[in-house]
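Welcome to this short tour! Open your viewer, get ready to select residues by number, and follow along one stop at a time.

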Amino acid sequence: QLHLVESGGDLVQPGGSLRLSCAASGFTLDNYAIGWFRQAPGKNREVVSCISASNRSTYYTDSVKGRFTISRDNAKNTMYLQMNSLKPEDTAVYYCATGYYYCSGLPLYWGQGTQVTVSS
C-alpha cells in the first residue's frame with residue numbers, strides 16, 4: 001500500500017524553526033514531484049512549495065520565500081520542509097503530497113497532515 005507519513009509539526013514561538021518530514025512507503029518518491037501544502041482555519045488549501053520530478057523546477061509561494069526550504073532524501077525515501085523565521089501567519093495544517101510530475105499538476109497521494117502553530 002502507498003503511504004505518506006508526516007511528522008514534525010509543533011507549537012513554536014515566532015522566529016523559531018521547524019522541520020517537517022514526510023516518509024513514503026509503497027512507492028519511490030524520486031520518481032515524482034513532491035510538494036507541501038497548508039490549510040489555515042477558514043482558508044483554502046494552498047501550495048507552499050514544490051520540486052518537480054526532474055528536480056529542475058522549484059516553487060515557493062511568495063510568503064515563504066527565503067524562509068522555507070523543500071528537499072528530498074532519496075536514500076530515505078523522505079521529503080522535508082525546513083521552516084525558519086516562522087510567523088503567526090504560518091499557522092496551519094501542513095500536508096505533503098506527491099504522485100505527480102510537474103508542480104502545476106495535481107498530486108495523487110497525500111499525507112495525513114501535521115499541525116504547525118506559531119504563537120507566543
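Select Asp-90: at 1% relative accessibility it counts as buried (buried means under 20% relative accessible area, exposed over 50%, partly exposed in between, with a 1.4 Å probe and protein chains only). Before going on, note that this is a predicted model, where local features need pLDDT of at least 70, side-chain atom pairs count only at pLDDT 80 or more, and totals for chains, interfaces and linings use all residues. Residues are numbered from 1 along each chain as its sequence is written, and side-chain values use heavy atoms, with hydrogens and water left out.

Asp-90 and Arg-67 form a salt bridge, with their closest N and O atoms 2.7 Å apart (a side-chain nitrogen of Lys or Arg within 4 Å of a carboxyl oxygen of Asp or Glu).

Between Glu-46 and Arg-38, the closest N and O atoms are 2.6 Å apart. Arg-38 is buried at 6% relative accessibility, while Glu-46 is partly exposed at 31%.

**Next stop: a sheet**

Colour the open sheet of four strands, in the order β1-β3-β8-β7 with antiparallel pairing (strands are DSSP runs of E, at least two residues, numbered from the N terminus; two strands pair if DSSP finds at least two bridges between them). Its edge strands are β1 (3-7) and β7 (68-73). Finish at Ile-70, which stands opposite Leu-81 in β8.
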